Each structure stands twice: as structure tokens, then as C-alpha cells.
Amino acid sequence: MENTTVVIAGASGFIGTYISRRFAEDGWNVRTIGRSRRASAAWGDNTAITAALEGADLLVNLAGRTVDCRYNRRNRAEILESRVSTTGALGTALSRCSAPPRTWLNASTGTIYRDARDRPQTEDDGDLGEGFSVDVARAWEAALAEAPAPVTRKVALRIAIVLGPGGGVMRPFATLARLGLGGRMGAGAQKFSWIHVEDLYRTIRFLHLRKELKGPVNVAAPAAVSNRELMRSVRRAYGMPLGLPTPAWLLKIGAIVIRTETELVLKSRWVEPRKLLDAGFTYRYPTLDTALNASRGRQG
């Protein structure tokens, strides 16, 4: 009988909580690694981490400090360290296991690609970008590649913006729409790649079974939208027919006030899930409208 134990590192956030619950609902034994007192193992306790991984079938690492903050020196260091050090710790623990998981899916980010407005970025022909966020993503994936786990298949998940019930990423957009400011942001042509959290969970299950899929995998819905289209869908979801646009200069001022970065809305993220599509993965929420409706507890 197949071992059905999954270890989820970074299980306390929006995505980790959802993924943990869905695995449990589907009958998996769920072990967690994190800072919660309810976790099976805590970061820094290498013996406990090794014990949590021993005999498990699947490892999913979602650990990492939020990037919804100002990129000052301290936050930059914490964002980088929280990703690289946890990935390295998991690799060290795996090397000590006599029966390690056969699959390791490690979070990365779709923002590793350049600001793309001319064509979608696939795993095979995508151009990596520049800047702090890209440097973090490169270091994150390098830590995975260098991890000493010779018998474990390793896959970097280049995840787009995740939507879902209780997810914080859409709250600022929803607030703007309710205030009548739900128009385009900046030029409005920048692309927005996304995935519903349920499809992220289904992707994890799919990749675990498809042993031939290796290397980085883009985890996104099949059709990116422009920022203009995004805000139109948000207004529709919240019953607001009109919305004033927000120019880039005003976004930069607002980002300082709410202590975040304009990159989160102004960078064009055009991530194409070519490997998933070629492998036959089907989406439960393939369009933004169905994903937003599901995120608000309504059927598409």
C-alpha cells in the first residue's frame, strides 16, 4: 500500500493552512514543520525535522516570510534567509533519512521572470529578470538544487499570485473597488498571472504522481489577464460598475503609506504553465471570474 504521509513546511499561512486541510480531507497523514506549537517539528530542531520526514511520501515546502512589505535592509535579509535557510535545513534533514520522501515540491515564484509584456514566459523559453525579487527566487531555487537529496525528485514550483477564501492578496483590490477606485493601476497593460488555491493543491497532487515532470514548473492558471481586466473582474465580483484609475505616481506614494512595494501590482507577470498543460492537467477554476467567485464563496 502506498505511503500517504505528506510533510508540509510552512503550514501556518493562508496557503499552507488550506493545503494541510485538503490533504487531511483526502485521507493523508499530515505532518508539519514550522513555528507553531502544533507543528510536528520546529525550525532549528534538526532531529525532529528528520523524524518528521522519515518514511513520508511527499514533502511540500511553502516556508518564507511575506513579501508584502517595504524592501528595506532588514526585510530583504529576512525574506531571503527565510527561504534559503529553510530549504537548506530540509535538504540536510533529508540526507539523514533512511527512507526519505520520493518527491520534494519546493515553493518558488513566478516573479522570477522578467517584466514580460510581449509574450508569455514558459519554463523552457522564459527570460529570468533582474532585481531583488528575482535574486531571491534564484537563490531559493539554487538552495533546492544544491540540497543533498540524491534519491528524492525535486521540483521548484514557480507559483503565481494565489487566490482563495481568506487569501490576503485580493483584499487591497477589493477595498479599492468598494471605494470606487477599482480602475486600472498604472498603465493597466501589465499582465497578472494567478491560480486558485484549490488548483494549487490539485497541482501538487498531480505533480507527485507524474514522476516524469522535473525541474521548475510554472504554477498558474492558463490565461493571464491584464491589470485592466483584473480590476474589471474585481469590480464585477463586488458589484461596482465603475472605478477610477490609479496612476503609477499615486501608487508609489500609497505603497510607502501602507508599507509595501509597487512591484506587486506594476510588474507584468505573464507566466504560462506549459509543462502542466502539456501533461494534461485540468483546472477547476480556469478563468479569473470563476476563481474570484469561488474565493467569495459563490459558484462560478
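Guide: Here's a walk from the sheet to the helix and then to its rings. First, the ground rules: this is a predicted model, where local features need pLDDT of at least 70, side-chain atom pairs count only at pLDDT 80 or more, and totals for chains, interfaces and linings use all residues. Residues are numbered from 1 along each chain as its sequence is written, and side-chain values use heavy atoms, with hydrogens and water left out.

Seven strands make an open, parallel sheet, ordered β3-β2-β1-β4-β5-β6-β10. (Strands are DSSP E runs of at least two residues, helices H or I runs of at least four, numbered from the N terminus; two strands pair if DSSP finds at least two bridges between them.) β3 (41-42) and β10 (217-219) each have a single partner strand, so one side of each lacks a neighbour in the sheet. β10 pairs with β6 (residues 153-159) in the parallel sense over three bridges, with I159 opposite V219.

Now your helix: α6 (residues 197-209) packs on the sheet and touches β4 (58-61), β5 (103-109), β6 and β10, contact being heavy atoms within 4.5 Å. Its direction makes about 155° with that of β6; axes are lines fitted to C-alpha atoms, for helices over the stretch in contact, and angles between N-to-C directions run from 0 to 180 degrees.

On to the rings, where Phe, Tyr and Trp (its six-membered ring) pair if centres lie within 6.5 Å, with planes under 30 degrees apart stacked, over 60 edge-to-face and the rest tilted. The count comes to five aromatic pairs. One of them, F23 with Y201, is edge-to-face at 5.0 Å centre to centre and 85° between the planes. F23 lies in α1 (residues 14-25) and Y201 in α6, so the pair ties together parts 178 residues apart in sequence.
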